[in-house]
Amino acid sequence: MGLLGDELAFAQALTAQEHEGVMALGNRKHYPADTHLLTEGDRSSHVLIVLEGWVTVSVATDRGATRLILGLRGPGELLGEMAALDRHPRSATVRALGPTEAQVIGGDAFRRFLALHPRVSGLVMRQLTFRLRSADQERSALASLTVLQRLAHRLIELSKPDVTGPYSAASAGPYASAAPSTAGSVVQLAQDELAATVGATREAVAKALRLLRTQNIVRTGNRMVQILDPALLALLADGHQE
């Protein structure tokens with residue numbers, strides 16, 4: 001599933017034959033935490049398929065070092081396809097949240113594969129339009145949900161283990177009904193990064209985290225949030241206030 005809804009991630013939507021063909025085009029690569037997989041403005045044209053781990057997609061803002069996080073991507077997600085298709089500079093930076101594995105496929109090889117496999121080409125186009133629709137849904141959610149609800153959803157998403165195999169993403173969408181994650185799970189994001197992913201200020205997220213700590217729902221540390229009570233966190237995500 002994609003993080004922004006119930007759409008299947010790219011790799012999950014492939015048939016076994018298509019999956020084998022796509023993976024044969026490239027090589028598996030390991031990226032340490034905080035590494036850039038793709039860099040905004042770069043003129044490279046390769047694509048990536050996330051195999052393990054989570055990454056952020058962000059763009060520069062007018063405030064210098066500040067970056068706006070557009071979304072999070074997990075196992076099975078296709079990244080970098082826009083530059084591969086239109087050969088323009090990268091429109092965003094993709095950074096590994098933790099140790100990440102991805103299949104790296106050259107842009108030319110990927111374009112040739114799409115030309116020979118119309119169904120796969122259609123999947124890529126569907127993913128692009130789905131992400132545009134999801135962005136609209138995110139904007140609507142920003143106006144209708146509290147910071148605490150959005151933060152609870154995001155923590156649940158990022159703390160869930162893969163549940164259906166190596167190419168499955170771990171969540172059903174940021175603002176769908178939340179299901180509990182695993183107690184003890186750790187989310188490795190700084191507070192300013194969490195704030196950017198939920199469309200809130202760092203101060204608002206810090207306040208929400210303090211509330212969660214006082215209720216013994218989470219424990220926080222340097223660039224990490226540990227989930228102590230996933231069931232209660234899921235209730236808060238669905239709007240059940242303590």
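This is a predicted model: local features need pLDDT of at least 70, side-chain atom pairs count only at pLDDT 80 or more; totals for chains, interfaces and linings use all residues.
Me: How should I read a sheet, and what is the order of the four strands in the open sheet?
Reply: Strands of a sheet pair through backbone hydrogen bonds, either parallel or antiparallel. Two strands pair if DSSP finds at least two bridges between them. Here the order is E1-E8-E3-E6, with antiparallel pairing. Strand E1 (27-31) and strand E6 (78-79) are the edge strands, each pairing on one side only. Five bridges join E1 to strand E8 (residues 100-105) in the antiparallel sense, and Arg28 stands opposite Gln103 in E8.

Me: Is Thr56 buried or exposed?
Reply: Buried means under 20% relative accessible area, exposed over 50%, and partly exposed in between (1.4 Å probe, protein chains only). Thr56 has 2% relative accessibility and therefore counts as buried. Thr56 lies in strand E4 (residues 55-60). In the protein, buried residues make up 50% of the 242 residues.

Me: Which residues is Thr56 in contact with, leaving aside its neighbours within four places in sequence?
Reply: Contact means heavy atoms within 4.5 Å. On that basis, Thr56 touches Ile69, Gly71, Leu72, Thr93, Val94, Arg95 and Leu97. Thr56 and Ala96 are 40 residues apart in sequence, yet their C-alpha atoms are 6.6 Å apart in space.

Me: At what angle do the axes of H6 and H7 cross?
Reply: Axes are lines fitted to C-alpha atoms, for helices over the stretch in contact, and angles run from 0 to 180 degrees between N-to-C directions. The axes of helix H6 (residues 147-159) and H7 come within 10 Å and cross at roughly 110 degrees. Angles under 35 degrees count as roughly parallel, over 145 as roughly antiparallel, 65 to 115 as roughly perpendicular and the rest as oblique. H6 and H7 are therefore roughly perpendicular to each other.

Me: Which residues of H6 and H7 meet?
Reply: Arg150, Leu151, Arg154 and Leu155 in H6 meet Leu194, Thr197 and Val198 in H7. Helix H7 (residues 191-198) is mostly covered, with six of its eight residues buried.

Notes
Residues are numbered from 1 along each chain as its sequence is written. Side-chain values use heavy atoms; hydrogens and water are left out. Helices (H or I, at least four residues) and strands (E, at least two) are DSSP runs, numbered from the N terminus.
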